[in-house]
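Subject: Structure handover

Hello,

My notes on it follow below.

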Amino acid sequence: MNNNIFQKILKNKAAKQKMLAVLLDPDQCRNEHLTDILNILKTHKPDFIFVGGSHTTFSTEILIEQIKQNTAIDIVLFPGDASQFSAKADALLYLSLISGRNPEYLIGQHVNSSLAIKESGIEVIPTAYILIEGGSTSSVEYMSTTKAIPRSKYNIALSTAMAGELLGMQIVYLEAGSGAELSVPDEMIKIIRNELSIPIIVGGGIKTLDSLQKAYDAGADLVVVGNAFETEPNKIQDFVEFVDKYNIKVD
Ligand code: 1GP
């Protein structure tokens, strides 16, 4: 098993270079819409393309194949459950939903998929997946039948993230839920950043350059954007250019 993707994340984090991932959901990105997005991604390249969703009816593997025909950007699987696994991605976020208390998403789906994952040789990144209240019930919350951490409870979020790090997880993913009205609070990201040394991914409800900048300033290493690009694919260019400028400033 190689660990190229995780090494790239660590290297960028050490160099204080922020990263951006475009999330493509197999159910939302199809036909002409997908073609539009892939055309933009040919010239405006984020660091990663994440593929997955909490509830998908269309094949992740077919989407990955379509992406690969158009771009060489690293593809990271961000699966809602074991059925979305595809060895064609470059790496897999092996998500354990540690904000919840549903054994199925803490370990159950992992047991169902571990042998196939191991056999495929794909890079696996054990990820502490933490759901934070985003203003309304998210798909993750509904599908996993777990509760999100209240957005004002910074200490619960910190204790949860710390437990993930102590358990040996390599990345923390703070998730407000796809299409969230409110993204993860900056102060919460800051508190977790101060106490943890592993990389932090932040996603859910980031729709503007201002919220992207605030998440980076607060300590997010990698920000994931899905919904905003699904509705306005041209925003990809603005976001990619913004990250480049942000990183030059930090240099
Ligand atoms: C969802 O974190 C991702 O799992 C991205 O969220 O679709 O709201 O950008 P958005």
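I start with the largest cavity, which is lined by Ile-5, Ile-9, Phe-48, Phe-50, Val-76, Leu-93, Ile-125, Ile-201 and Leu-222. H1 and E2 are the elements that give two or more residues to this lining. By class, the lining has nine nonpolar, no polar and no charged residues. The space inside is about 30 Å³. The structure holds one cavity of 30 Å³ or more.

Before you go further: this is a predicted model, where local features need pLDDT of at least 70, side-chain atom pairs count only at pLDDT 80 or more, and totals for chains, interfaces and linings use all residues. Residues are numbered from 1 along each chain as its sequence is written, and side-chain values use heavy atoms, with hydrogens and water left out.

Terms for the voids: on a 1 Å grid over the protein atoms alone, a cavity is a set of points where a 1.4 Å probe fits but cannot get out, and a pocket is an open set with protein on both sides within 12 Å along at least five of seven lines; lining residues have an atom within 4 Å of a point. Grid points are joined across faces, edges and corners, and a volume is the space filled by probe spheres set on the points. Ala, Val, Leu, Ile, Met, Phe, Trp, Tyr, Cys and Pro count as nonpolar, Asp, Glu, Lys and Arg as charged, and the others, Gly among them, as polar.

Now the fold. Eight strands close into a barrel with parallel pairing, in the order E1-E2-E3-E4-E5-E6-E7-E8. Neighbouring strands of this sheet are turned by 30° against each other on average, direction ignored. Helices (H or I, at least four residues) and strands (E, at least two) are DSSP runs, numbered from the N terminus. Two strands pair if DSSP finds at least two bridges between them. E7 (residues 200-203) and E8 (residues 222-225) pair in the parallel sense over three bridges. Gly-203 stands opposite Val-224 in E8.

Helix H1 (residues 4-14) lies across several strands, including E1 (19-24) and E2 (48-51), and runs at about 60° to E5 (123-131). Axes are lines fitted to C-alpha atoms, for helices over the stretch in contact, and angles run from 0 to 180 degrees between N-to-C directions. Contact means heavy atoms within 4.5 Å.

The largest pocket has a volume of about 650 Å³. Its lining counts 43 residues, and Gly-53, Ser-54, Phe-78, Gly-80 and Tyr-129 lie nearest the centre. E4 gives the most to that lining, with six residues. The lining divides into 20 nonpolar, 19 polar and four charged residues.

Two helix pairs are worth a look. H8 (residues 209-218) and H10 (residues 235-250) pack at an angle of about 35°, with their axes 11 Å apart. The residues of this contact divide into seven nonpolar, one polar and two charged. The axes of H6 (residues 154-166) and H7 come within 10 Å and cross at roughly 35°. The H6 contact with H7 has eight nonpolar, no polar and three charged residues.

Last, a loop. Ser-183 lies between E6 and helix H7 (186-195). Its C-alpha atom is separated by 8.6 Å from that of Glu-133, 50 residues apart along the chain. Not counting residues up to four places away in sequence, Ser-183 touches Arg-151, Ala-176, Gly-204, Gly-205 and Ile-206.

Best regards
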